[in-house]
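Colleague: Hi! Could you walk me through this one while we look at it together?

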Amino acid sequence: MTIDELTFRPFTREEQPKALDLLYRAFGDAVSDADREDEMLVLDHRSSHAAFDGNQMVGSLAAYGHDISVPGGEVPTAGTTWVAVAPTHRRRGILSRMMGAHLDEAREKGRAIAALWASEAAIYGRFGYGMAVEQHGIDIIAGPGLRWAATAPPQADRIRLLEVDEAADVIAPIYEAARARRGGMAARDRGWWKFQVLSTRKGAMGGAAWKRVAVAEIDGRDVAYAVYGTSEGQLDGLPDNTLHVIELVGVDAAAEASIWPFLCSHDLVGRVTAKRRPVDDALPLLVEESRRVRRHVSDALYVRILDVEAALTARAWSDSAAVTVEVHDSRFDDIDGTWRIEVAPEGASVQPTTESPDLRMDVRELGSLYLGGVSVSRLVHSGRIEVLEPSVVAPFDSALRPAEAPWAPEVW
């Protein structure tokens, strides 16, 4: 069967469970009834794309209508998700057809960018997505040997514990304060809080057997929270539990530092782990022996630019720079071409131009640069950006770089 013999259309609300089953099968898992109910709450089937072989759904793709934080603001974003192709129908162009329709629809809706978490990083570059946010996975060797540095910010005055079903109104303002500091963080309504970080469905537990919320207070003000739980373990017949930090957010870096000692001092816990932390997290410098905090870097959020002018003028810039960039985009003719980009802390001007370019790059690399987590010089050194005028690299890097690294605290 060729791709022309398949039917492509959005899946209906009634067909949404089939799409979810296809997704879970593609990822080698099964969906529980409870998980299915939660998934249905947050996805709008009207922003979906599917492929059908007769009555059988063999491909799916959908979008969350997020706003993603960027330096100095936020930008309307198509959150690409639910991407799956049946193993019986691979290598027939199904994903390419669905992705093209998805990106066209996102542009029609005024989304300046699309963003996703990639199950396989190599897939999405060909559709213009560039790796824009990295993350640190952190493992902390806890116990009596873990001592906090004298220079660390003060610990919280008080910690109080909340059950997940009563936490959203308390911790949402803290999360919004963090979004104002860091790019890459998706806006959350009440339904999204329930679906993601405060959910007790299997996929949201982060390896923990239970989940609770700790809120840190300083001077009578809520300044940070941690969503966490533990899993049981033993070492040489002695208790050696793991405490899983599912999400830790503060109004500033000092606030986040104030809650770590509480998490690392639980009885019977020998290891504290956090799968997704920002790459500039101060934690390793908060302890006397930094080797007790082990880190590994991995890719996180990928960004696809859909409107060059709207995306680049929506974010703030740390410095002044003027650069002419030739962008290659095989899908969108209005992006493919040369752009004059003049930026300053006061604002930005982004216009098509016939000038000779200073830099040449694919739209994928423009997406990588967008949030400031990947530098121009890093892409130059890797051969992904061609430099025709070397003098523009340093100022463009300086202008792009935010005060704090972008962070994507949740997978969607």
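Colleague: What volume does the second largest pocket have?

Modeller: The second largest pocket comes out at about 560 Å³. A pocket here is an open set of points on a 1 Å grid over the protein atoms alone, with protein on both sides within 12 Å along at least five of seven lines, and lining residues have an atom within 4 Å of a point. The volume is the space filled by probe spheres set on the points, which are joined across faces, edges and corners. Do keep in mind that this is a predicted model, where local features need pLDDT of at least 70 and side-chain atom pairs pLDDT 80 or more, while totals for chains, interfaces and linings use all residues. Residues are numbered from 1 along each chain as its sequence is written, and side-chain values use heavy atoms, without hydrogens and water.

Colleague: Which residues are closest to the centre of that second pocket?

Modeller: Val85, Arg90, Arg91, Glu120 and Ile123, out of 20 residues that line the second largest pocket. H1, E4, helix H3 (94-108) and helix H4 (121-124) each give at least two residues to that lining; helices (H or I, at least four residues) and strands (E, at least two) are DSSP runs numbered from the N terminus.

Colleague: And the largest pocket, how big is that?

Modeller: The largest pocket has about 1200 Å³. Its lining counts 39 residues, and Gln196, Arg201, Gly203, Val411 and Trp412 are the closest to the centre. By class, that lining has 19 nonpolar, 10 polar and 10 charged residues. Ala, Val, Leu, Ile, Met, Phe, Trp, Tyr, Cys and Pro count as nonpolar, Asp, Glu, Lys and Arg as charged, and the others, Gly among them, as polar.

Colleague: What does Arg201 lie over?

Modeller: Arg201 lies over the face of Phe195, 4.2 Å from the ring centre. The charged end of Arg188 likewise sits over the ring of Tyr175, at 3.8 Å from its centre. For that, NZ of Lys or CZ of Arg must be within 6 Å of the ring centre and within 35 degrees of the ring normal. Phe195 also forms one aromatic cluster with Tyr64 and Trp192.

Colleague: How many aromatic pairs does the whole structure have?

Modeller: Nine. In Tyr124 and Tyr129, the ring centres are 6.0 Å apart and the planes at 80°, so that pair is edge-to-face. Rings of Phe, Tyr and Trp (its six-membered ring) pair if their centres lie within 6.5 Å; planes under 30 degrees apart are stacked, over 60 edge-to-face and the rest tilted.

Colleague: Is Tyr129 buried or exposed?

Modeller: Tyr129 is buried, at 1% relative accessibility, and Tyr124 is buried too, at 5%. Buried means under 20% relative accessible area, exposed over 50%, and partly exposed in between (1.4 Å probe, protein chains only).

Colleague: Switching topic: what is the strand order in the open sheet?

Modeller: The seven strands run E1-E2-E3-E4-E5-E16-E6, with mixed pairing. Strand E1 (7-9) and strand E6 (130-131) are the edges, each pairing on one side only. Strands pair if DSSP finds at least two bridges between them. Strand E3 (residues 56-70) and E4 are antiparallel over 11 bridges, and Ala62 has Thr81 in E4 as its bridge partner.

Colleague: Last one: which residues line the largest cavity?

Modeller: Leu312, Trp317, Ile341, Leu366, Leu369, Tyr370, Phe396 and Leu400. A cavity is a set of points where a 1.4 Å probe fits but cannot get out, and this one holds about 40 Å³ of space. Its lining divides into eight nonpolar, no polar and no charged residues.
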